[in-house]
Amino acid sequence: MAVTERELLYVKIIVEERSISKAAKKLFLTQPSLSNCIQKIEMQLGTKLFKRTNTGLIPTFAGERYYQVAVDIMKIYNDFEIEVSDINSLKKGRIVLGITLYLATYVLPIILPKFKERCPNIEVYIVERNSTELDKALASGEIDFAIMHTFPFCKHSHSKNVDIYPLFKEPFLLVTAKDHPLRQYAVYNDLEYPQIDLTLFANEPFILLNKEQKIRHVSDSILQKANINPIIILTTKSYETARRLSCEGIGITFVPLQYLQIFSGIYQPAYYYIDEKYEPYWTMCVAVQKNAYISKAAQLFIQIVNERFGSTPSE
């Protein structure tokens, strides 16, 4: 039997008022209308909820249980309304954020303090995986949204059930040892790093990341556009390992520009910009499940990310 909130309220008020007429007045109903409603409830239950006495209506045992259940349910519902109000006003709640490991190292120390300053009681649960795994987590609803990369920006590079919102385009740099003999061909300009012709390195050994990683996808695309069939001497999961080995002259690799800010130390290779015709970049983006509900807390987090990274100079 389906019980409505209205029916729970009717029984609760009658028990408290001990009178149909007083309850009807309090509920802004006519006495016959309220009596009919109670009779309908009793018929559905197959038992009486009230009995008449000289001092007024009193609940039967079933009526007492109905009253207690009504009080409990209405309190739960009232508490839920208060909680929803707190959620809507960003006083409480939780967001589940998906992000790649290295991007988390770079982005979260910048964004989380700003978010926590505005929403100190919102729990942030972080899921750190590679971009391919984050696509799957979005599709399954495991995470609310993801901060990751796509390359070059293209909606078709992700699931049809995911909406992509680009933030900025980030260049990839060629990484070599400082004393690499081909450094003589570098072209210096007003940029932070010189530019060099990638095709000069066609016969050089390369250090690349694992094939399931997005940095590897971008690297392969760059090499393909430059008509280079690379000599791969080493494959690693860590771009930082590749960067350090390149510094030591083991091979050549590619690194996203922003990632240079994550690690610092004694390993200082040479960095070069690559010709734009090879599309040497990926795009940092926010990804959400298509048509998914995005809480106000998640919307605010995304807004802060967009404010900080959506108009970066590296665009």
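Predicted model: local features only at pLDDT ≥ 70, side-chain atom pairs only at ≥ 80, totals over all residues.
## Helix 1 and helix 4

Helix 1 covers residues 5-17 and helix 4 covers residues 61-88; they pack at an angle of about 125 degrees, and their axes are 9 Å apart. Helix 1 is therefore oblique to helix 4. The crossing of helix 1 past helix 4 is left-handed.

On the helix 1 side, the residues that meet helix 4 are E5, E7, L8, L9, V11, K12, V15 and E16, and their partners in helix 4 are Y66, Y67, A70, V71, I73, M74 and Y77. This contact of helix 1 with helix 4 has eleven nonpolar and four charged residues, with no polar ones.

## Helix 5 and helix 9

Helix 5 (residues 101-118) packs against helix 9 (residues 296-309) at about 130 degrees, with the axes 10 Å apart. Helix 5 is therefore oblique to helix 9. Here the crossing is right-handed.

Helix 5 makes the contact through Y106, V107, L108, I110, I111, L112, K114, F115 and R118, while helix 9 uses A297, L300, F301, Q303, I304, V305, R308 and F309. By class, 13 residues of the contact between helix 5 and helix 9 are nonpolar, one is polar and three are charged.

## The largest pocket

The largest pocket holds about 380 Å³ of space. Its lining has 18 residues, and T100, L101, Y102, N130 and Q213 lie nearest the centre.

Helix 5 also takes part in this lining: helix 5, helix 6 (131-140) and helix 7 (214-225) each supply at least two residues. The lining of the largest pocket has seven nonpolar, five polar and six charged residues.

Key: Residues numbered from 1 in each chain as written. Heavy atoms only, no water. Axes fitted to C-alpha atoms, helices over the stretch in contact; angles between N-to-C directions. Helix = DSSP H or I, 4+ residues; strand = E, 2+ residues; numbered from the N terminus. Parallel < 35°, antiparallel > 145°, perpendicular 65-115°, else oblique. Left-handed = near helix turned anticlockwise from the far one by under 90°. Contact = heavy atoms within 4.5 Å. Nonpolar A, V, L, I, M, F, W, Y, C, P; charged D, E, K, R; others polar. 1 Å grid on protein atoms, 1.4 Å probe; cavity = no way out; pocket = protein on both sides within 12 Å on 5 of 7 lines; lining within 4 Å. Points joined across faces, edges and corners; volume = space filled by probe spheres on them.
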